[in-house]
Amino acid sequence: MINYSHCAQYPQPVYLAPSLYSYQFGSDVDVSTMEAPAYHVQNASSYIDPTWPNPNNLSIPQCIIDFTVPASMPSPIYLYYRLTNFYQNHRLYVKNYDPNQLLGDPTSGSTFDSNCGPLNKNDKGQYIYPCGLIANSMFNDTASNFTNLAGNQQYILSTTNIAWPTDKQKYGVTRYSIDQIAPPPNWAQRYPNGAYSAQYPPPDLTTMERFMVWMHVAALPDFRKFWARNDHDDLQAGRWRVTIDMSKKKKKKKGGRR
């Protein structure tokens, strides 16, 4: 576990304090002799996720994390993120979505407004897609593949097959027309003038397994969610690097991300 909540404070690499990381290896590994993880922040002009364009030319803060794998780790390898003090189980939050809209139905009316208010429509009267508080607050820090610092070898991580099969059945391609809908407020910066268009269309939720995982709300305020996996390749011993697009450059005052 690596807590990178404070990464944005450091433009130059620094080692993490021992309280910000932990390991779980066998007794044959002496973690006290391992080089500590290090991190720093840089700005980028494009998102790590190739499906996310940057039409507004935003400066994207990225956390660069170097970490040590002391011994080869056999596949499968699973990557999770962890949030603390995030109450997905709040009674108003947990029901703030519209299941029919997620299935692709062009929903509207009083039931839709009740399900997704206050994030049901924008000030132009367009329906927010996907609507509601859960979708709007999706965790969108994005991790890259791992790079071995010794040989520039890539360790490829996949974000498919991370959602439950039963969750995948809850999503369909939207049948709204583009001019009927608008992105959630927290998604708007990824679209020109905060609007969907033919060039920058609404997302196909059937392919967004990270979104499905997020929408499967956690019961406790300290939780982990599945991010990516590699089912076939061992993760070799060595010093590795991962780059993370951070959704907010300012560190959070409460809670954290790992």
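Me: What should I know about the model before reading values?
Reply: It is predicted: local features need pLDDT of at least 70, side-chain atom pairs count only at pLDDT 80 or more, and totals for chains, interfaces and linings use all residues. Residues are numbered from 1 along each chain as its sequence is written, and side-chain values use heavy atoms, with hydrogens and water left out.

Me: How many helices and strands are there?
Reply: Helices (H or I, at least four residues) and strands (E, at least two) are DSSP runs, numbered from the N terminus. Here the chain has six helices and 12 strands.

Me: Why is the chain called as compact as a globular protein of that length?
Reply: Take the radius of gyration over C-alpha atoms; the globule rule is 2.2 Å times the number of residues to the power 0.38. The chain's radius is 20 Å, close to the 18 Å the rule gives for 258 residues, so it is as compact as a globular protein of that length.

Me: What share of the residues is buried?
Reply: Buried means under 20% relative accessible area, exposed over 50%, partly exposed in between (1.4 Å probe, protein chains only). Buried residues make up 45% of the 258.

Me: Where is Val242, and is it buried or exposed?
Reply: Val242 sits in strand β11, residues 238–245. Its relative accessibility is 8%, so Val242 counts as buried.

Me: Which residues does Val242 touch?
Reply: Contact means heavy atoms within 4.5 Å. Leaving out residues up to four places away in sequence, Val242 touches Cys63, Ile64, Ile65, Phe67, Ala143, Ser144, Asn145 and Phe146. Ala143 is 99 residues from Val242 in sequence, but 6.7 Å in space, C-alpha to C-alpha.
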